[in-house]
Amino acid sequence: MSVKDTIILDPSDLKFLLIDSLNQYTNNTYFIDGKNPYRFSINKKKYYILIKNIHESGEGRGNQDECRIQVAKSRNFNPALSEHSNVIVLGYFHDERVFTAWNPFMMRERFNLRDTISLYSRFSIQRDAAENGISNYVDNNNQSIVSFKPQYLGLYLENYESVHLLNQEDLKNLIEKSDEFNSEDSFNELNYNNNKITITHTRYRRDPRFRLSVYNAYNHKCAMCGIQLELIEAAHIVPHSDERGTDEVNNGMCLCRLHHGAYDNSLIFVDEKYNIKINEQKINYLIKIGKDSGLHHLNKISFKKLNLPENPVHQPDINNIKIANNLRGIDNISNS
Ligand SMILES: [Zn+2]
């Protein structure tokens, strides 16, 4: 494992990684605020998440398989501490594309004793998680440290109080169940040796009236590129996962599938003057992970400004646009 091969993602990259990963588990999720720890809403519950790149544990280590993250308590922890909330601490290893999680209760005890702590795991466990979806490493203190693929981040968060108590076999069974239920709106309760687990996948059904009203307001054309070709969809500006996300036409935009995906993934956004903007932070992240191909094409087909409905009542509410940009983790709109 050489250092030069390892891609190091910076905190804003990791924020988008979290948003993308959580969406694979449930649509009922959004970014609230904070800077590492970040605060997210997932299935209506709030979580503080601290995320760091995981790396080898330094020169002179006895065990080549050992990896770690170091966490220093900073002012950014204050909101979580003042609410007595646990901070979920995650390591991310880009080479294998897996998260590693330590028991937050154990973390809290250690943070009471010192301001900087090192948390260890094993490269081999991460490799196993990349192959099999999930894996755990039990350390000398009998703590289970769990590694898993990004699509199980939501599952982990929803159950972090129990997941560290499950054995390898139960963990594998758990992700199989999660996959089984993931295609639609579902809620399931499982029990592993008295450890309760819930699996909540929220997949929003589109309101047919909302869809038709949006199509008509925009003349059945994508507001960002003008495409019709029956490739259009009615996108929510403020998503359903937020209670402010209504089915009013002024909370919608008619977008083609490409632009709808780009909008929901925070790749493209609309500023308060209806200008269509590419999110540079997200682009930087995609370049780093080698997923930026096609950017030129997307730029070329996108209008500079949103094509608005003629009826002012149907045009996107600026307040909705502000809320949506906030929820999608876009924090550079003010300099537009
Ligand atoms: Zn389009």
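Student: Which strand is asparagine 188 found in?
Tutor: Asparagine 188 is in strand β11 (residues 186-192). Strands here are DSSP runs of E with at least two residues, helices are runs of H or I with at least four residues, and both are numbered from the N terminus. Before we go on: this is a predicted model, where local features need pLDDT of at least 70, side-chain atom pairs count only at pLDDT 80 or more, and totals for chains, interfaces and linings use all residues. Residues are numbered from 1 along each chain as its sequence is written, and side-chain values use heavy atoms, with hydrogens and water left out.

Student: OK. What does asparagine 188 touch, not counting residues up to four places away in sequence?
Tutor: Phe181, Ile197, Thr198 and Ile199, leaving out residues up to four places away in sequence. Contact means heavy atoms within 4.5 Å.

Student: Switching to the metal. Which residues are the protein donors of the zinc ion?
Tutor: Cys222, Cys225 and Cys256 through SG, and His259 through ND1, at 2.1 to 2.3 Å from the zinc ion. Donors are N, O and S atoms within 2.8 Å of the metal (3.2 Å for Na, K and Ca); water is not among the atoms, so sites may look incomplete.

Student: Why is the arrangement around the zinc ion tetrahedral?
Tutor: Because the four donor atoms subtend angles of 100 to 117 degrees around the zinc ion. Four donors count as tetrahedral if all angles lie between 85 and 135 degrees.

Student: How are the donor residues spaced in sequence?
Tutor: The spacing is C-x2-C-x30-C-x2-H. Cysteine 225 lies in the loop between α8 (208-217) and β13 (232-236), and cysteine 256 is in strand β14 (residues 252-256), so that pair ties together parts 31 residues apart in sequence.

Student: Is cysteine 225 buried or exposed?
Tutor: Cysteine 225 is buried, at a relative accessible area of 13%. Cysteine 256 counts as buried too, at 4% relative accessibility. The cut-offs are under 20% relative accessible area for buried, over 50% for exposed, and partly exposed in between, with a 1.4 Å probe and protein chains only.

Student: Now the strands. How many bridges join β2 to β3?
Tutor: Five, between β2 (residues 38-42) and β3 (residues 45-53), which run antiparallel. Two strands pair if DSSP finds at least two bridges between them. Tyrosine 38 stands opposite isoleucine 49 in β3. β2 and β3 form a hairpin with two residues between them, and asparagine 43 in the turn has a positive phi of about 50 degrees.

Student: In which sense do β3 and β6 pair, parallel or antiparallel?
Tutor: Parallel, over six bridges, with β6 spanning residues 87-93. Tyrosine 48 is opposite valine 87 in β6.

Student: What's the strand order in the open sheet of three strands?
Tutor: β4-β5-β8, with antiparallel pairing. β4 (55-56) and β8 (116-122) are at the edges with a single partner strand each, so one side of each has no neighbour in the sheet. Strand β5 (residues 66-72) pairs with β8 over seven bridges, and cysteine 67 has serine 121 in β8 as its bridge partner.

Student: Last one: how many helices and strands in the chain?
Tutor: Twelve helices and 16 strands. Buried residues make up 52% of the 336 residues.

Conventions:
Four donors count as tetrahedral if all angles lie between 85 and 135 degrees; four count as square planar and six as octahedral if opposite donors are over 155 degrees apart and all others between 65 and 115; anything else is irregular.
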